[in-house]
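Dear colleague,

Please find the structure below, together with its sequence. My notes on what was found in it follow directly after.

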Amino acid sequence: MQSQTTKSSPPDPDARRYAPATKRNREAIYEILKNNLPEKGTLLEVASGTGEHAAWIGSRLPAFTWQTSEYDTNLFPSIKAHIQATEANNISVPIHIDVAQKDWGFGKEMNVEFQNKTDVILCANMIHIAPWEVAIGLIRGASKFLRENGLAFIYGPFFQNDVETAPSNMEFDRWLKEQDSSWGIRQLDDVKNLAQDHGLLLNKIHPMPANNLFLQLKKINKT
Ligand SMILES: C[S@@+](CC[C@H](N)C(=O)[O-])C[C@H]1O[C@@H](n2cnc3c(N)ncnc32)[C@H](O)[C@@H]1O
């Protein structure tokens, strides 16, 4: 993966934005990644948001080249400023990714850079705060850009057929649908089936704080 770790134009540290949930979930996310990632490689983070996960978790995984990305370019200054505030040199400034676009909006060059080469894709808290087409786009792209046996990690709340839904998640789902009727907590089985249709096997489900799950998917070998 091309290094985009450019610290040449110093971002304004005050551009840093904060999403309070990241402080509550970053350690749990880091623990799972640390224990399940390969020894080293490239990690492409989809929907980096404020950039807090990239800065905090990425700086603890120095064997990974961590590529941040965002759909909302207004968040680029925050992501850059959080990266700048770390001592880490393995975290790259954001690229634009809209997973709902064909090939995530990548041109030919980016396709060549990422296709079948990315070791890990990470996406936290996106697919319930977006239409289902965004989940489809995430999985489609993960299948395209991951190398064989590469891993995709998806963090967030999910409904499970055989597990009673926590009242907080019922409430959250109602709130999401009030914001936008196309949003909402996804059924784990729907995500699992979608992934399987694209050659990604759900091979671990990590329980996380506050009734969230961390899905670990593996791009299976072509036979
Ligand atoms: C709730 S934030 C989560 C940010 C961060 N991952 C976190 O956990 O704090 C949801 C993010 O999804 C991004 N997003 C929404 N639609 C997207 C799309 N089509 N492609 C990529 N990212 C998208 C938004 O820009 C936003 O940053």
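Helix 3 (residues 76-84) is mostly covered, with eight of its nine residues buried. Helices here are DSSP runs of H or I with at least four residues, strands are runs of E with at least two, and both are numbered from the N terminus. A residue is called buried if 20 or more other C-beta atoms lie within 10 Å of its own, exposed if 12 or fewer do, and partly exposed in between, with C-beta atoms placed from the backbone. The buried residues of helix 3 are Phe-76, Ser-78, Ile-79, Lys-80, Ala-81, His-82, Ile-83 and Gln-84. Their cover includes helix 2 (52-58), strand 2 (64-70) and strand 3 (91-96).

Please note that this is a predicted model: local features need pLDDT of at least 70, side-chain atom pairs count only at pLDDT 80 or more, and totals for chains, interfaces and linings use all residues. Residues are numbered from 1 along each chain as its sequence is written.

As to the chain as a whole, it holds seven helices and nine strands. Its radius of gyration, taken over C-alpha atoms, is 17 Å, close to the 17 Å that the globule rule gives for 223 residues, so the chain is as compact as a globular protein of that length; the rule is 2.2 Å times the number of residues to the power 0.38. Along the principal axes, the C-alpha atoms fill a box of roughly 50 × 45 × 30 Å. Buried residues make up 39% of the 223 residues. Of the contacts in the chain with a separation of 6 or more, 75% are between residues 24 or more positions apart; two residues are in contact if their C-beta atoms, placed from the backbone, lie within 7 Å.

The largest nonpolar core has 51 residues. Such a core is a set of buried Ala, Val, Leu, Ile, Met, Phe, Trp, Tyr and Cys residues joined through C-beta atoms within 7 Å. Those with the most contacts inside the core are Val-46, Ile-121, Cys-123, Leu-138, Ala-142, Ala-152 and Phe-153. Ile-121 is in strand 4 and counts as buried because it has 27 C-beta neighbours inside 10 Å. Leaving out residues up to four places away in sequence, Ile-121 touches Leu-44, Val-46, Ala-142, Phe-145, Leu-146 and Ala-152. The C-alpha atoms of Ile-121 and Ile-154 are separated by 8.4 Å, although the two are 33 residues apart along the chain.

Helix 5 (residues 132-145) has 14 residues and reaches 20 Å from its first C-alpha to its last, close to the 20 Å expected; the expected span is 1.5 Å times one less than the number of residues. Its buried residues include Leu-138, Ile-139, Ala-142 and Phe-145.

What surrounds the ligand? The shell consists of 20 residues, of which the closest are Ala-47, Gly-49, Tyr-71, Ala-124 and Asn-125. The shell divides into 13 nonpolar, four polar and three charged residues; Ala, Val, Leu, Ile, Met, Phe, Trp, Tyr, Cys and Pro count as nonpolar, Asp, Glu, Lys and Arg as charged, and the others, Gly among them, as polar.

Finally, two backbone angles deserve mention. Most residues other than glycine have a negative phi. Asp-103, in the loop between strand 3 and helix 4 (108-114), has a positive phi near 55 degrees. Asp-103 is partly exposed, with 18 C-beta neighbours inside 10 Å. Asn-116, in the loop between helix 4 and strand 4 (118-124), has a positive phi of about 60 degrees. Asn-116 counts as partly exposed because 14 other C-beta atoms lie within 10 Å.

Yours sincerely

Methods: Near = placed C-beta within 6 Å.
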